[in-house]
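Please examine the model shown below. The report that follows treats its salt bridges and one of its strands.

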Amino acid sequence: MAETHSLQDLRQAAVASKVFVQRDYTSGTICKFQIKFPAELESRIDKQQFEETIQTLNNLYAEAEKLGGRSYLEGCLACLTAYTIFLCMETHYEKVLKKIAKYIQEQNEKIYAPLGLLLTDPIERGLRVVEITIFEDRSIGSR
Amino acid sequence: MTGNMHLGVEEPIRECQYNQICTHNSSTMDTPHTKKKKIKRKWQVFPGRNKFYCNGRIMMAKQTGVFYLTVVLILVTSGLFFAFDCPFLASNLTPAIPAIGGVLFIFVMGMLLRASFSDPGVLPRATPEEAADIERQIDTANGPSGPGYRPPPRTREVLINGQTVKLKYCFTCKIFRPPRASHCSLCDNCVERFDHHCPWVGNCVGRRNYRFFYLFILSLSLLTIFIFAFVITHVILRSNRTGFLSALKDSPASVLEVVVCFFSIWSIVGLSGFHTYLISSNQTTNEDIKGSWSSKRGKGNYNPYSYGNLITNCCAALCGPLPPSLIDRRGFVQPDTPQPVAQTNGTGACPSNQVQSHMT
C-alpha cells in the first residue's frame with residue numbers, strides 16, 4: 001500500500017462519505033453490530049479484516065453486558081451501599097468501554113488510518129451505529 | 001476531529017485557547033456559526049424536554065410538581081413518626097424500632113432521588129448524516145412512489161429468539177427504535193426499555209433507573225406498612241393506659257399518619273406487587289398494557305426477552321450491569337466536524353486552523 005496516511009494527516013483530509021454499520025438485534029437488546037460488509041468499503045479494506053474488527057467489538061460489548069457471578073456481586077454490593085460505591089469505583093461496563101475506546105484507537109492507528117478510513121467509537125453515537133468515515137483518497141494513482 | 005475526542009486530557013487546554021482565538025483573531029474566523037464566546041456543555045443544547053440541575057449532573061422531566069409532593073409526603077409522615085411516635089415506642093418497646101425505621105427511611109429517600117435524578121436511558125438523536133443514511137435505505141426499500149401515493153409506515157422486522165418484532169422509526173429522533181424502546185411524549189425522548197413516565201418520581205422509568213424505581217416502591221411499601229403498624233401499636237398501648245380518646249389527644253400526629261399510610265398502602269403495595277410480576281416475567285409496563293406478549297394475541301406468542309427462569313429474570317433486572325448514560329450530559333459541545341467534499345473548501349480550511357491552534 002502506497003498510502004501512508006497517519007491519524008494526523010486525516011484531520012487535514014476531506015471527507016468523501018460516511019458508512020454506518022447498524023445494530024444487530026437478532027439476539028435481543030444486547031449491544032451487537034451487524035457483521036455484513038458494506039459495499040462502499042469493498043475497494044478500501046479487506047472483508048476479513050473488517051469482520052474481525054466488528055466481531056471483536058461485539059465480543060467486548062458482550063463482556064460488558066454479561067450476566068454472571070461478577071455482575072451480580074457488583075450489583076448486590078452496590079445495592080447494599082445504596083449505590084454510593086460508584087462514587088469511588090467504576091462499574092464493570094465503564095471499564096470495558098475504556099477497553100473498547102483503546103481498541104478502536106489502536107485499530108485506527110494500525111489499520112484504518114493508513115487506508116484513509118476512520119472508525120468512530122459507537123458510544124459517541126449512542127451505541128446506535130459504528131460510523132466509518134471514508135476520506136478522499138488523494139494518492140489513488142499509486143494503486 | 002474524531003481522533004481528538006479520545007484525548008480527554010487535552011480538553012481543558014483547548015477550552016482556554018479556543019476562547020483566546022475568538023477574541024483576538026475574530027477577523028480571520030470566517031465561520032460565524034461556530035464562533036462562541038463560551039463553550040457549552042451538551043446538556044445546554046439537549047433537544048429533549050428535560051430539566052437539568054447541578055451543571056448537568058441531575059436530569060428530570062419538565063413537570064416536577066408531583067415529585068415535590070412525593071418528597072413532602074414522605075418527609076412529613078416520617079418526620080411525624082420519628083418525632084411523636086418513636087419516643088414512646090423506643091422507651092416502651094425497643095429502640096430498634098426507630099433504628100429500623102431510620103434505615104428504611106434513608107433507603108427510600110436514596111432510591112427516590114436516584115430514580116428521579118438519573119438518566120433513564122435516553123437515546124441520543126441521530127446525527128444529520130445518520131438520518132440521511134437511514135432515509136436513503138428506507139427509500140430504496142420502499143421503491144419509487146408516484147404523486148398521491150402514501151408511503152407505507154417505516155418499520156423493520158427483526159427475528160428475536162424466534163419471535164418477529166417490529167422496529168418502528170421515530171420521526172422525532174430520526175432513528176429506528178431498538179426493541180423495547182419507546183418515545184416518551186412528555187420528555188420528547190426515545191428511552192431504552194421504556195417502562196412508563198412516572199409523575200411521582202418526576203422522570204421516565206427506563207433501563208437505567210428501573211431498579212431504583214422498583215427498590216423505591218418496594219422499600220416505600222415496607223416503610224408505609226412499618227409506620228402504619230407501629231403507629232397503631234402506639235395508639236393501642238396508650239389507650240390501654242389512658243383510654244382511647246385521650247390517647248388520640250396526646251398524640252394527634254398519629255391520626256394524620258394513619259390516614260396517609262392507609263391510603264398509600266393500597267396503591268403502593270399494589271404497585272410493588274405489579275412490578276414484581278413484571279420483573280419476574282421480564283416485561284415492561286408498556287408491553288404489559290399493550291399485551292405485546294400475551295397469549296391472547298396468538299398461539300405462538302411469547303416473550304422473547306425472558307430468560308425463562310424467574311430467578312434469572314429478577315437478578316437480571318435488579319443486579320445486572322448498570323449501563324452508562326449515552327447522552328454525555330456534561331461533555332463539551334465539539335466544533336463542527338469537516339464538511340463532505342461536495343461543500344466548498346473554505347469550510348475544510350477552518351477546522352485545520354483550529355487544529356493548528358491546539359498544537360501551539
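## Salt bridges and a covered strand

E63(A) and K99(A) form a salt bridge, with 3.2 Å between the closest N and O atoms. This pair links distant parts of the chain, since E63(A) belongs to helix 2 (residues 47-64) of chain A and K99(A) to helix 4 (residues 92-112) of chain A, 36 residues apart. E63(A) counts as partly exposed because its relative accessibility is 32%; K99(A), at 43%, also counts as partly exposed.

The model is predicted: local features need pLDDT of at least 70 and side-chain atom pairs count only at pLDDT 80 or more, whereas totals for chains, interfaces and linings use all residues. Residues are numbered from 1 along each chain as its sequence is written, chains are lettered from A and ligands numbered from 1 in the order in which they are written, and side-chain values use heavy atoms, leaving out hydrogens and water.

A salt bridge here is a side-chain nitrogen of Lys or Arg within 4 Å of a carboxyl oxygen of Asp or Glu. By this rule there are 18 salt bridges over all chains. Three of them are listed here.

| Pair | Closest N to O distance |
|---|---|
| E63(A) and K99(A) | 3.2 Å |
| D188(B) and R125(B) | 3.2 Å |

In chain B, D188(B) forms a salt bridge with R125(B). D188(B) lies in the loop between strand 7 (182-184) and strand 8 (189-191) of chain B, and R125(B) in the loop between strand 3 (122-123) and helix 4 (128-142) of chain B, so the pair ties together parts that are 63 residues apart in sequence. D188(B) is buried, at a relative accessible area of 17%, while R125(B), at 24%, is partly exposed. Buried means under 20% relative accessible area, exposed over 50%, and partly exposed in between (1.4 Å probe, protein chains only).

In chain A, R125(A) and E131(A) are both buried. These two residues also belong to a network of salt bridges with K18(A) and E129(B).

E131(A) points from strand 3 of chain A the same way as V129(A), T133(A) and F135(A), while V130(A), I132(A) and I134(A) point the other way. Strand 3 (residues 129-135) has 7 of its 7 residues buried. Helices (H or I, at least four residues) and strands (E, at least two) are DSSP runs, numbered from the N terminus.

Strand 3 of chain A pairs with strand 1 (residues 15-22) in the antiparallel sense over 7 bridges, pairing being defined as at least two DSSP bridges between two strands. F20(A) stands opposite E131(A). Strand 2 (residues 117-120) of chain A also runs antiparallel to strand 3, joined by 4 bridges, and L119(A) has I132(A) as its bridge partner.
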